[in-house]
Amino acid sequence: MHELSIAASLIEIAEDAAREAGAGRVRALRVRVGALSGVVIEALEFVYAAAAEGTLCEGARLEIEAVPARVRCRVCTYEAVMEGVGPFICESCGAPGPEVVGGRDLELVTMEVDEHEAANS
Amino acid sequence: MKPRILEVRTKILKKNDEIARAMRARFGVSGVYVVNVVSSPGAGKTGLLTRVMTELSRDMTVVAVVGDLATEHDAARLAESGCEARQISTGTLCHLEADMVEKAIEGWSLDGIDVLFIENVGNLVCPQGFDLGEDLRLLLFPVTEGEDKPLKYPTLINTCDAVAISKMDLAVAVGFDLETAKANTEKARPGVAVFETSARTGAGVDELAAFLRERVAAKRAEPVDAVAP
């Protein structure tokens with residue numbers, strides 16, 4: 001259950017970005033989570049709300065984009081989006097163990113924030 | 001108050017990655033070879049490491065840090081190799097993070113160290129995404145857990161550089177099929193080096209130690225990337 005560490009890092013990055021931008025409350029976080037990132041989306045959603053309490057992200061929506069694993073065959077260079085997390089066998093030539101070219105993503109992409117109240121006065 | 005969209009595009013593990021990168025640079029400058037050892041709980045990491053450390057420390061300075069939720073038992077066992085070992089207590093955390101290792105190695109003069117083993121918390125899922133500045137990630141699969149472990153945990157094995165099948169002395173007793181296990185490992189991570197080991201009998205310890213010696217020598221032969229982190 002390392003998703004709590006992930007949630008804590010996510011919130012820290014979001015708070016830093018919000019402060020740097022002079023923003024107030026955070027309304028939403030848009031996050032990419034790859035199938036091979038080792039993060040279980042449901043677990044992240046489960047711990048996020050609790051981790052956000054008392055931070056600028058308290059009450060902010062967590063919008064997660066699940067990114068599938070993308071692999072390229074080392075033998076025939078065929079590229080495919082894979083179901084699940086492997087092990088991978090090339091659909092085209094049958095070779096095992098293609099190169100992983102996508103799906104390790106774990107990234108805060110954008111966030112929606114309120115302008116700081118002080119900035120509006 | 002109108003909402004506004006901020007572009008962030010930041011990796012969530014950025015902080016861990018940055019600390020790991022800084023440590024890797026320090027290890028590079030000081031010529032320390034670093035091995036991150038991962039497995040499920042009870043796979044025999046400590047037992048095998050103690051043997052390997054005993055062997056390597058005949059002509060090298062070897063140290064270890066070991067992560068567990070509680071107790072200092074494993075550091076004490078690793079120290080039986082004659083090498084210095086420090087415990088990292090993770091509390092409830094299921095994996096080691098770079099800053100914990102950074103803290104644990106404080107005070108050690110890296111210039112005098114040849115090999116640092118980082119024994120991770122027993123877990124086949126969570127340690128995967130946490131870079132600890134290592135040169136090599138060694139995965140242990142004990143014979144007692146069956147031949148299909150490599151297929152069941154593809155995400156972790158996909159980040160590993162070497163596999164040690166452990167507790168080989170129990171293979172017959174538990175009906176372990178070595179060839180199937182090796183085929184499954186090859187399927188999950190083609191080309192990965194596989195060692196058949198037993199901490200009890202010492203089988204495979206010399207082979208694993210020789211493999212690590214080669215890696216240590218290869219790292220020393222590389223030009224040092226002395227760029228400040």
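**How the terms apply to chains A and B**

Chain A has a radius of gyration of 18 Å, whereas a compact globule of 121 residues would have one near 14 Å. This is a predicted model, in which local features need pLDDT of at least 70, side-chain atom pairs count only at pLDDT 80 or more, and totals for chains, interfaces and linings use all residues. Residues are numbered from 1 along each chain as its sequence is written, and chains are lettered from A and ligands numbered from 1 in the order in which they are written.

Reader: How many helices and strands does chain A have?
Author: Chain A has 3 helices and 6 strands; helices (H or I, at least four residues) and strands (E, at least two) are DSSP runs, numbered from the N terminus. Along the sequence their pattern is α-β-α-β-β-β-β-β-α.

Reader: Why are strand 6 of chain A and strand 1 of chain B said to pair?
Author: Two strands pair if DSSP finds at least two bridges between them. Strand 6 (residues 106–115) of chain A and strand 1 of chain B have 7 bridges, in the antiparallel sense, and therefore pair. A:E107, for example, has B:K11 in strand 1 of chain B as its bridge partner.

Notes. Rg over C-alpha atoms; globule rule 2.2 N^0.38 Å.
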